[in-house]
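Work through the exercises below with the structure open. Each task is followed by a stepwise solution.

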Protein chains: 2
Amino acid sequence: MTMAPPASLTETSLSPDDFTAAFRHHPAGVAVITADAGRGPVMLTATSVSSVSAEPALLMFSLSAHSSSTPTIRRAETVVVHLLGAGQLALAQLGATSGINRFADTSLWSTLPSGDVYFPGARAWIRGRVLTSMDAGGSAIVLVEAIEASPGESADEQVPLVYHNRAWHELGDHSQIA
Amino acid sequence: MTMAPPASLTETSLSPDDFTAAFRHHPAGVAVITADAGRGPVMLTATSVSSVSAEPALLMFSLSAHSSSTPTIRRAETVVVHLLGAGQLALAQLGATSGINRFADTSLWSTLPSGDVYFPGARAWIRGRVLTSMDAGGSAIVLVEAIEASPGESADEQVPLVYHNRAWHELGDHSQIA
């Protein structure tokens, strides 16, 4: 190990392009989030959903300042987070397309007993209460306490969907290395 | 769309097992986080790292209440977040193994001009300042402002590493579906 002398930040400071490039190649699972703050449902595709704690059951995700659905999700009391398999690529693409009515195909969605709009075709879904919505440079980090869930099929039937470098991938025996 | 009558929460309420099962099948990119709060470096493997915003350059991750490295990372002023490729599976496994000295192999790590310990073999790394560490049921959500980054090799040389259902996968032409 060698201790180098301190470098000036001018040499090493970060460009937004470098930051974006680093994360473009960071793969992620794919989720669709639905919410309704009283003025009709919204839906978006998110690659930032992550479990925080199992007991208590908490999850988090971030929302871009540029997404039209962000204000509604931040104001909503409850959300439904759908974790997608490769068979639901069309749903992922629907939630990632701007300027359309994402609820136009009424065969895709339904309503839970709680009143929350959801997509029953998702591999798994979790309905939860928005505990906190923290501002982060115009974007938001949302912390959700899970209330109920449909955990999905057994492991053998899962074909997970992964987003990476603007493309969609599925996992399987072909991709496993350890 | 059919409105069903409200169900009792007894029927639909969430078990920790169902919550864990839903996320076990949610794939994730793999990162290694290093930090030093003044008493020597710590290192752990995280599957919760996600970009929050490019301008300002912000990222987030969560830390388990059960990880021995969590208190150090929460107290640290700066962290280095390493985004791993499939070639760094051994590094991911090192950071996920408890009860060992993760810095025993001094050929694996070095020190940045800032003094932060890092693993130069990672596909990409981002050094940042801890802005907030929010408690979440004993776990923590950490928000980091990126200061400098090594964004890694070009897209053609990337073989991303994915964690899914307690196994490790790599992406490539074989896994791409769209």
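A residue counts as buried when its relative accessible area is under 20%. The model is predicted.

**Exercise 1.** Classify B:Leu44 as buried or exposed, and place it in its chain.

Solution. 
- Step 1: Locate the residue. B:Leu44 lies in strand 3 of chain B, residues 41–46.
- Step 2: Apply the cut-off. The relative accessible area of B:Leu44 is 6%, so B:Leu44 is buried.
- Step 3: List the neighbours beyond four places in sequence. B:Leu44 touches, among them, B:Ala31, B:Ile33, B:Leu63, B:Ile73 and B:Arg102.
- Step 4: Check a pair separated in sequence. B:Thr97 is 53 residues away from B:Leu44 along the chain, and their C-alpha atoms are 8.6 Å apart.

**Exercise 2.** Describe the interface between chain A and chain B.

Solution. 
- Step 1: Count residues. Contacts join 80 residues of chain A to 82 of chain B.
- Step 2: Take the area. The two chains bury about 6,700 Å² between them, with 71% of it on carbon and sulfur atoms.
- Step 3: Sort chain A's side by class. There are 49 nonpolar, 26 polar and five charged residues.
- Step 4: Count polar links. Between the chains, 21 residue pairs are in polar contact, both at pLDDT 80 or more. Salt bridges number zero.

Methods: Residues are numbered from 1 along each chain as its sequence is written. Chains are lettered from A and ligands numbered from 1 in the order in which they are written. This is a predicted model: local features need pLDDT of at least 70, side-chain atom pairs count only at pLDDT 80 or more; totals for chains, interfaces and linings use all residues. Side-chain values use heavy atoms; hydrogens and water are left out. Contact means heavy atoms within 4.5 Å. Buried area is the accessible area (1.4 Å probe) that two parts lose on being put together, summed over both. A salt bridge is a side-chain nitrogen of Lys or Arg within 4 Å of a carboxyl oxygen of Asp or Glu. A polar contact is a pair of N or O atoms within 3.5 Å; within protein, one must be able to donate a hydrogen and the other to accept it, and residues adjacent in sequence count only if both atoms are side-chain atoms. Ala, Val, Leu, Ile, Met, Phe, Trp, Tyr, Cys and Pro count as nonpolar, Asp, Glu, Lys and Arg as charged, and the others, Gly among them, as polar. Helices (H or I, at least four residues) and strands (E, at least two) are DSSP runs, numbered from the N terminus. Buried means under 20% relative accessible area, exposed over 50%, partly exposed in between (1.4 Å probe, protein chains only).
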